Each structure stands twice: as structure tokens, then as C-alpha cells.
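Q: Please take a close look at a single helix in this model and describe its surroundings.

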Amino acid sequence: MGELKDLIKVIPDCTRMSTKQDDLLHHGKDKSSYHPVLTPDIVVFPITTEEVKGVVVFASEKGIPVTPFGLGTSVEGQVIPILGGISMDLSLMNKILEIRPNDFFVKVQPGVTRNQLNQALKPYNLFFPVDPALDATLGGMVATNASGTTAVRYGAMKDQILGLEVVLASGEVIRTGGAFLKSSAGYNLTGLFTGSEGTLGVITEIILKVYALPEFTATLTAGFESLEAASRAVAGMMQNGLAIGCVEIVDERTINAINQYKKMDLPEIPQLFIELVGKEYTVMNDLDVVKKELELQGCVHIEYASDKEQRERLWMARHEAAMAIMAINPGKRLMATDVCVPLSVLPSAIQRTREIMNEYGVAGAIMGHVGDGNFHAVFGVDPMNKDDLRKLQSINGAIVDYALSHEGTCSGEHGIGIGKIPFMHKQHEDLIAIFKSIKKMFDPNNIMNPGKII
Ligand SMILES: Cc1cc2nc3c(=O)[nH]c(=O)nc-3n(C[C@H](O)[C@H](O)[C@H](O)COP(=O)(O)OP(=O)(O)OC[C@H]3O[C@@H](n4cnc5c(N)ncnc54)[C@H](O)[C@@H]3O)c2cc1C
């Protein structure tokens, strides 16, 4: 890897390349997961598409793997450079390139974070809805097809991306989509890169939809005697077509962790955190329907957030739920299952998850974005304790088996992660050939497709 010093020809500022142990360690793991640490040989911090291209071409010529890195908040080991090589940290490519309030889109570099974007959108009364609980780069969020609390209303990242600029393993820079809301021109290449976890190319520019801030918001928490009853209430609410912005489930163990971590005194029973958004009269009207549906399913406790401060405190508690679990398991790292099932299967899937934990004698917490059938069993784990790890992997396997056998998926929003094929030219020759033939097919000079471009 002595040749890595030649990267200086591509990244002329040596402060934007590092082989310092701290930097290598930081880029050899994510922020919270139990996966092993495997350090890269070097970290580079490009600031332009040209520099990204230069690094990729350099790496391709020398057969060195490249692993893109945003903020390292992914939880499945996605940023771990399993074959070493170059960790490409995109956090300095953090410019908001354009805000088009009247067209409801923005153009950003991949290192812009969602909080940064939302701050910039506030003066326009706009916001970007996708909310994976904590701050993350938009490049990382595209690459994991992130979703989270608001997906029940706005969808996941895949529903927000209008276009991308991507540097392929060959160094070729391609653009997919554009600043238009719909298109029938050619294949959905934007969709191919969404959720590709850094395996197909480096995303260097993103065009995203943005939305008007809702006029009125109501937040409430609803407590139940059982988690299954709470999940049944979700299906009931969704069938009524209400103005639901978020509906989150948290079990009594999660609430207990939140109470300890955030010094709160929420009732330690399974709860739904619900937000209704829209015009005030719609929200107030829907609030009555929600209350009836909750009571029908045996809700034993309802609390409304009376003001903005209380609302923010409740959502902060929900957002930090996983961190609360970590805090009550000092020295441990997080493992979270991530199944997503059809809504009608949700109550039985949650019930089965609890049974599986009981069968293995493991006390994990359950929480999730249940408005779209996605929930997590969350555990604190000591990565050095191989027996515990094996037990938790078996639990995960059993939860996934249940989801798969009921038309669900193993991952609603976290992705596949560690073990994915690193981003290397040699392994991308077929992909690059496919892009070349797509280009040929849509070539305006091709007599069969006059005038079409991708
Ligand atoms: C406590 C906690 C709660 C979470 N809750 C949620 C949740 O509710 N919903 C949810 O969806 N996620 C959740 N996550 C996961 C995480 O926040 C998301 O996966 C996030 O989208 C990752 O963004 P990042 O900037 O940290 O990317 P990173 O973790 O740095 O990278 C993620 C992947 O993207 C690739 N990548 C990064 N930048 C680029 C680029 N420019 N081009 C190509 N590939 C790139 C990386 O190689 C890697 O494969 C949670 C994580 C934690 C720790």
C-alpha cells in the first residue's frame, strides 16, 4: 500500500488524507453497532466530484477497494472496509447547491446532513421529511434507502430522490433522473443506486423533493396493557385514512430505558407515540377518530402534548430510544433486528418476536415505525462475548424467518451491510458494460430510439 502516498496527486491538500490511527479507527466502524472493527489503510476527504473521480480511477488502476463514508451512523457494518483500502469520507462535500422553493426541490452535495438541510429550508417554510432518528448525511441516507418515523406519511428516501450524480468504478460520472417530478424516459437508474450501500458508485450530487411545513401538529401517547393490543390499534387507525404523520410503538422496556436516560416519568407500559399533521380542522377532526380507535383496542392511558416544548420532549425521547438502551447497557454495543411485514401481520409478528426472546431467555426491547409494518428488537451486546452473539444471531434469524414466511422482508430500513462486495473496478466490469449498453440503447443516433437520452 506504499503507493497510497501517490494519492497526493489527486487530493492536493495533504490535510485531507489521513493515516492517523484515530482517523483509521473512526472509519473502521460505525457509531453504535456490534460489528467488528476493520480499519482502512487510508482515509481521504474529497471536496469535489473531480477529486472523487481521481481517487476512484487511482483505486481502480491499482485494484484497491473504496468504501464511501458519510457520518457512520448505519447499523449493519456498512462503512467497515472489510478488505482495507481507501475509506472515502464525503462529509466535506457539504454544500447545499440550490434551493428551489417554488419547484419544491433542492440540489445538495452528499455530505449535507438532514439537520443542516432542514435549518436551511426553514426560512422558506419548507422541510425535508425523512428522519432516521439521528443526524445523517443525505448521501448515506440515499445509499441505505433510509426511512424512519415519517415514512408512514412521506415514504422512504427512494420516494424523495429526483436525480443523482454518481461516479462509477470506471471513473465515469453519470447523471440519473433530473429536476422533474416524473419521467418515463428510460430505466429507473436512480432506483438502482438507492439502497446500493456504496457498492455501485460514489454519489456526488442529489436532487431531492422538499415539502411545505405542516400547518398544525398534534402529538399524543397512548398506553396499552399489551404490545399486541397497541399494534392492533395501528392497523385500525391506518384503515381510517387519517392525517397520521408518525405512529411509533415502544414497549415497556424501552420506556423504562427512556425514563432512566432522559429523567422522565412516562408510564412503563407499551405505548404508541402518534403525531397527526395537516390543517388544524382536519387534525382536530381526526384526533377524535384516533381516540375512538385507541379505546376500541383497549387503550388504558392517553396523554396529549399540550405545547411545542412538551411535543419536542416526547419526540426527542422516542428518537433517543436506542441510545437509551445503550446507556442502560454500559460497555455494550447495539444489535437491532429490522423486519418489515404487511400491516395485517404486524400484531402476530410482534407477539412472535416477544415469544422468541422469551424462548432464548433474552430481555430485549421492541420498538418501531409500525405505521408501515417495520419494527426492531433491540439488544445491548458485548461483541467479545461469542456465546451472546451467537444467541442474538439465532434470535434475529428466527424473527427474520417469521417475517419471510409471512410476506415480509429481513430489512425495512437498515440495509444488508457487512459482507457486501467492496467497491472495486474489477468486480464492476459487468455493471459498467451494462451502463455502456444502456447508453447505446438510448443513444439519439440509434435509429430505433431517436431523440431519447437517459
Ligand atoms: C440509534 C440509531 C437509530 C437509527 N434509526 C434509523 C431509522 O429509524 N431509520 C433508518 O432508516 N435508519 C436508522 N438508523 C441508521 C442510519 O442512521 C442510516 O443508515 C443513515 O442513513 C446512514 O447515514 P450516514 O451518513 O451515517 O451514512 P454512513 O453510515 O456513513 O454510510 C452508510 C452507507 O452509505 C454508503 N455511503 C455513504 N455516503 C455515500 C456516498 N456519497 N455515495 C455512495 N455511498 C455512500 C456507505 O458506504 C455505507 O454503505 C439509525 C441508526 C442509529 C445509530
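**A helix and its neighbours**

A: Ten of the 13 residues of α7 are buried, so this helix is largely enclosed by the rest of the structure. The model is a predicted one. Helix α7 covers residues 227-239 and reaches 19 Å from its first C-alpha to its last, close to the 18 Å expected at 1.5 Å a residue. Its buried residues are Leu 227, Glu 228, Ala 229, Ala 230, Ser 231, Ala 233, Val 234, Ala 235, Gly 236 and Met 237. Just after the helix, Gly 241 takes a positive phi of about 60°.

Strand β14 spans residues 271-278 and is mostly covered, with eight of its eight residues buried. In a regular strand the side chains alternate between the two faces of the sheet. In β14, Gln 271, Phe 273, Glu 275 and Val 277 point one way, while Leu 272, Ile 274, Leu 276 and Gly 278 point the other way, and all are buried.

Strand β14 also has pairing partners. Strand β13 (residues 244-250) runs antiparallel to β14 and is joined to it by six bridges; here Val 247 stands opposite Ile 274. Strand β12 (residues 216-223) is likewise antiparallel to β14, with eight bridges between them, and Ala 218 has Leu 276 as its bridge partner.

Conventions: Residues are numbered from 1 along each chain as its sequence is written. This is a predicted model: local features need pLDDT of at least 70, side-chain atom pairs count only at pLDDT 80 or more; totals for chains, interfaces and linings use all residues. Side-chain values use heavy atoms; hydrogens and water are left out. Buried means under 20% relative accessible area, exposed over 50%, partly exposed in between (1.4 Å probe, protein chains only). Helices (H or I, at least four residues) and strands (E, at least two) are DSSP runs, numbered from the N terminus. Two strands pair if DSSP finds at least two bridges between them. The expected span of a helix is 1.5 Å times one less than its number of residues.
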